[in-house]
Amino acid sequence: MSTHPSRPSYAAVLRVPHARHAFTAALTARLSYGTVALAVLLSVSRATGSWAVSGTVLSLFGATTVFLMPLRASLIDRHGPRRALLPMSALYGALLSVLAALTWRPGAPAALVAVSAALAGACAPPLGPTMRALWSELVEDPGLLRRAYSLDGVAEELLYVCGPALVGALMGIAPPAAGILLSAALNVAGTCVFVSSPVLPGPRPARRRARPAAVRGLLPPVAVALGVGLALSSVELLVMAFVTERSHDPALVPWVLGALSAGSALGGLANGAVRWRTTARARLCRFAAALGLVLALAGLARDLWTLTAVTALAGAFTAPALTTAYLLADETAAEGSRTRAGAWVNTGVNAGSSAGALAAGLLIGRVPLSLCFALAGGAALVTAAAAAVRPHAGGWSHGSPRSRGTGAARTGGAAAPCRRR
């Protein structure tokens, strides 16, 4: 559907027919995921009077959202976005509204709140994987597709920066549960507009079970996504520990983490602009390895300014690693299963984030911070090394399970045996 510009640009991505309409609607719906976590945490805490209950409820919500995402994505691949997304979004919005009603005032029953949150998470529509699968339908030029994925990744990063700020502003005039209602409204409204796009694909014919090569092809991007999620969630706690250990003002922590996000946004934009000659799989391993090395070096920082600079540099490899993982998953996926492939990468990132926060919480205070940073970086390095290992006979190749394009066409380089976010 797309044109094939000789010098693809981000403006060219948005000039693809119907792309701006679908992308804007999807971002509106996805903003819900940037607002809902803080809104649930604060509203449940206020309603139950317990941070422990609030954390448990948020964990249940996150678990059902993340670990059931591939199942929901498979429904989209099978029945099409129009038929599958609307019921999911309607149920998600309704259950979030129930949760908001339960937590509007103090005295909410904790068990009922937990069940409502878990059920809402189980219905959350996988809009990110769906939009990335749609980019592959809209854009055929490999350079322009890289730009589209980079733009999508940077925009999603900004949603998770703006979402909490939006909830904070809303709390000035309404109770925290209003943030849950806002999340429901954003998701339902954005999804309704998104599915009205004429370029959304229809239902796919029933497919046989995925071939082993396709499954193996997903291992590198999912593994790297897992390592990146684990490393980055560890860093958030490690920065707080660094600031506390050196008696700095805790209010400086958001600025350090903001440098990480800024570096990620700039790195993502640069990654989409470069005309790469290496394969997506090679880039994936290199980005993840560079991220791991920089994070390991962050433990040697002697002051907050140095730590801020190093975390910004780490961010510069974060978005490229995740974007490339999504691209590689898309190349590997069989036709009609792109949404599910992207959902597995999403699951990898979020599973890694949960494990990383847990591991960092257990290690901080027991081992030196420099070693904690080294272990966080090591997680990314290990998964980069694992993704670089070539399988024996029957290994994967870029696009081998897909009929659309060869490995060389999709990566901008020579075809190579045996590609997140």
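## Close-up views of a helical chain

Buried residues make up 52% of the 421 residues in this chain. The model is predicted. The chain has 16 helices and zero strands.

**View 1. The largest nonpolar core has 105 residues.** Seven residues have the most contacts inside this core: Tyr92, Leu96, Leu134, Trp135, Leu138, Phe194 and Leu307. Which helix gives the most to this core? Helix H2, residues 19-48, does, with 14 residues.

**View 2. Trp135 is among the residues with the most contacts inside the largest nonpolar core.** Set aside its neighbours within four places in sequence. Trp135 is then in contact with Val13, Ala19, Phe23, Leu145, Ala148, Tyr149 and Asp152. One of these partners, Tyr149, also lines the second largest cavity.

**View 3. The second largest cavity holds about 60 Å³ of space.** Rolling a probe the size of a water molecule over the atoms shows where empty space is left. Which residues line the second largest cavity? They are Pro129, Arg132, Ala133, Tyr149, Tyr326, Ala329, Asp330, Arg338 and Gly342. Helix H7 (127-138), helix H13 (304-332) and helix H14 (338-363) each give two or more residues to this lining. By type, the lining divides into five nonpolar residues, one polar and three charged.

**View 4. Leu85 lies in helix H5, which spans residues 81-103.** Is Leu85 buried or exposed? Leu85 counts as buried because its relative accessibility is 0%, and buried means under 20%. Leaving out residues up to four places away in sequence, Leu85 touches Ile76, Pro125, Pro126, Leu127, Thr130, Thr191, Phe194 and Val195. One of them, Phe194, is also among the residues with the most contacts inside the largest nonpolar core. Ala73 is twelve residues from Leu85 along the chain. The C-alpha atoms of Leu85 and Ala73 are separated by 9.4 Å.

**View 5. Val188 has its place in helix H9, residues 177-195.** Val188 has a relative accessible area of 29%, so it is partly exposed. That class lies between the cut-offs of 20% and 50%. Beyond its neighbours within four places in sequence, Val188 is in contact with Ser89 and Gly93. How many residues separate Val188 and Leu86 in sequence? They are 102 residues apart in sequence. In space, Val188 and Leu86 are 7.9 Å apart, C-alpha to C-alpha.

**View 6. Thr347 sits in helix H14.** Why does Thr347 count as buried? Thr347 is buried because its relative accessible area is 7%, and the cut-off for buried is under 20%. Leaving aside neighbours within four places in sequence, Thr347 is in contact with Val66, Phe67, Met69 and Pro70. Helix H14, which holds Thr347, also gives two or more residues to the lining of the second largest cavity.

**View 7. His18 lies in the loop between helix H1 (10-15) and H2.** Most residues other than glycine have a negative phi. What is the phi of His18? The phi of His18 is positive, about 70°, although His18 is not a glycine. His18 counts as partly exposed because its relative accessibility is 41%.

Technical notes. Residues numbered from 1 in each chain as written. Predicted model: local features only at pLDDT ≥ 70, side-chain atom pairs only at ≥ 80, totals over all residues. Heavy atoms only, no water. 1 Å grid on protein atoms, 1.4 Å probe; cavity = no way out; pocket = protein on both sides within 12 Å on 5 of 7 lines; lining within 4 Å. Points joined across faces, edges and corners; volume = space filled by probe spheres on them. Helix = DSSP H or I, 4+ residues; strand = E, 2+ residues; numbered from the N terminus. Nonpolar A, V, L, I, M, F, W, Y, C, P; charged D, E, K, R; others polar. Core = buried A, V, L, I, M, F, W, Y, C linked by side-chain atoms within 4.5 Å. Buried < 20%, exposed > 50% of the residue type's maximum accessible area, 1.4 Å probe, protein only. Contact = heavy atoms within 4.5 Å.
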